[in-house]
Amino acid sequence: MKTPYGHNVYAIAAEYRSAAALYEAAKRVRDAGFKRWDVFSPFPIHGMDEAMGLGKSWLSAVVLVGGITGLLTALILEWGPSWILYPLIVHGKPFTWRVVPAFFPIIFELTILFSSFAAFFAWQIMNGLPRWNHPMFNWNRFARVTNDGFFLAIEARDPRFSEKETQSLLEETGGEHITIIHEE
Amino acid sequence: MDGATTAPEVIAEEASTSVERPLARVPLVLNRRSFAWVTERISAAVENRAPKWWWIAFACTVALAGIGLFCIGYQISTGVGTWGLNSPVGWAWDITNFVFWIGIGHAGTLISAILYLLRQKWRTSINRSAEAMTLFAVICAAIFPGIHVGRVWMAWYLAPLPNNYGIWPNFRSPLLWDVFAVSTYFTVSVLFWYTGLVPDLGTLRDRATSKVRKFLYGVFALGWRGSNRHWRHYEMAYLLLAGLSTPLVLSVHSVVSFDFATSILPTWHTTIFPPYFVAGAIFGGFAMVLTLMLPARALFKLHDIITLQHIDKMAKIILLTGSMVGYAYAMEFFIAWYSGNQYERFAFWNRILGPYWWYWWVGMLFCNCLSPQLFWNRWCRRNVFVVYFVCMCVNAGMWFERFIIIVGGLHRDFLPSSWGLFIPTWVDMWTFAGTFGIFLSLFLLFIRFLPLIAMSEVKIVLPEADPHYGATPGEHHPVAAGGKERT
């Protein structure tokens, strides 16, 4: 979709007065069957995932994989040298199954370390961050999103998107400053 | 205050009219502040010109850090003999300082991770600066194991790297566990801290007026735009990082205590050490959090965000952990007697009557066991001067405790012929003072360039953040003007 001036349209967006108003509006937009839309707020709003029809984040699965990788890394890192490369008898204790607990601290630490890296990179990659810019930033009012602004945007590429009806839906739900956001 | 609307009688009224909420909760942010007020007040500390006190404080701490770095350079170039180390006291202020600093870090992780899992919403006002304190304390701690080995250039031997001698570290040694525990702790703390910072860096980016600030905050904010699709994964990552940090922080000081507990020295060879060290770490760490937060609260006028309620709760944690530490001290004495081991018994008599007797009486008994008992009293928990006094006692007391454990254990061991004493040199003293300079300089830089309170998290605890705010009549009342809110 293009504007009369030839700009590509990214979305129609509206501002809401409060977190509660945004929450109610999100439920309406979800029930209207939209798929490519988003809400923006300065803090996570409790219950917004259900209001938007989003399930539980699957980031935890990535972290589990990270944790298992860390555990296996530690096993190889510790037992490779201790058993094969440089067997060392300390305190009169050769490398047998009885000394296995002495390897636990490092196994534990590396499991935590790899899980944490997995969590840290997963939330960025799954969110498509870091990125330099985003069409939403073309809207001057949007700078308040990190302060006290509550916004809802329905993207033009949503199959149900139509300029007039989408706009009236945002109006009905109490959206203010309804604006067409340009792609570039 | 600042033209805000406040109310005393509303809470009483709320309690009487609201059926659903028989006990009115004391708000975490006072005087019904708005989201914009929170942004404004916290960002102002970063955006305004540096106040005069900041420059004076920074100049002093940087000078101190410089002296410390000089001492470290002198020690590295000359040798560990510049410290007062001798035989039998091969570990003294170096490892005392290491344990002291690493312990301080633990409070930050307790606040950011454990209190998060326990849904303690009051943590939002203090978690950011406590986490920053953790990082800076761990940086100070990491200096000492590095330089105490004497030949710093051989420190890479700690890492399990393939080398042409075919030598590998001993993975069954607590000293190597320590390397992994402390480096993991630092790394995970950085990741957790930075994850929490991203939305606030977005705020600073959107408020920035100069191009340089906009660029730098923009880069570090990673393009954050507050999207709920992002918050969903972000909150899961935050929860998991908290869940991972919780056992991690308990493990770090446990591993530090293994350095001692796995040896055979009287007073070191005890199974009580891991929980005793962890409780002591949280105890000392909370004292340091308050040491930094009380001045910051006054200087940046954050009384509505860091309220007396917060100070009260932190004082209660100091009381709890201080009493646990006191119990551990008593249990050590009991076991020394009950074990019937003459070396163990002697070591504890030596602790209270030996050459370092006053370290025990002043540091461990008065500072660590007795002074926090003031916090049984509500007035004491809510008087910032009393709180500050106790925190200073605890800061000192915890350092003395570690000194007594380390040097007290070493200086008189099994054979009287090998007894000795430890006398610190000027290098010992100025290196330790220098780490305070490094710690405080880093903290001052932090409050200048990063938001010292997590704005996005404080906003969540405001009543307006509730998606059902105003939905149920009688649940939230507008606030009448005049008067002061109950704290």
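Visitor: What makes β2(A) and strand β3 (residues 150–155) of chain A a pair?

Guide: In this predicted model, β2(A) and β3(A) are joined by four bridges in the antiparallel sense. Two strands pair if there are at least two bridges between them, so β2(A) and β3(A) qualify. Within β3(A), A:Ala153 is the residue opposite A:Asp38.

Visitor: Which strands form the open sheet, and in what order?

Guide: The order is β2-β3-β1-β4 in chain A, four strands with antiparallel pairing.

Visitor: Why are β2 and β4 (176–182) of chain A called edge strands?

Guide: Each of β2 and β4 of chain A pairs on one side only. From one strand to the next, the twist averages 20 degrees.

Visitor: What packs on the sheet?

Guide: Helix α5 (residues 163–172) of chain A does, touching β1 (9–16), β3 and β4 of chain A. The direction of α5 makes about 15 degrees with that of β1(A).

Visitor: How many residues does each chain bring to the contact between chain A and chain B?

Guide: Chain A brings 59 residues and chain B brings 56 residues. On the side of chain A that touches chain B, α4(A) supplies the largest share, 14 residues. That side holds 39 nonpolar, 14 polar and six charged residues.

Visitor: Which domains does chain A have, and how far apart are the centres?

Guide: The domain assignment gives domain 1 (9–55 + 137–182) and domain 2 (59–126). The centres of domain 1 and domain 2 of chain A, taken over C-alpha atoms, are separated by 45 Å.

Terms used. Residues are numbered from 1 along each chain as its sequence is written. Chains are lettered from A and ligands numbered from 1 in the order in which they are written. This is a predicted model: local features need pLDDT of at least 70, side-chain atom pairs count only at pLDDT 80 or more; totals for chains, interfaces and linings use all residues. Domain bounds come from an automatic or database domain assignment. Two residues are in contact if their C-beta atoms, placed from the backbone, lie within 7 Å. Ala, Val, Leu, Ile, Met, Phe, Trp, Tyr, Cys and Pro count as nonpolar, Asp, Glu, Lys and Arg as charged, and the others, Gly among them, as polar. Axes are lines fitted to C-alpha atoms, for helices over the stretch in contact, and angles run from 0 to 180 degrees between N-to-C directions.
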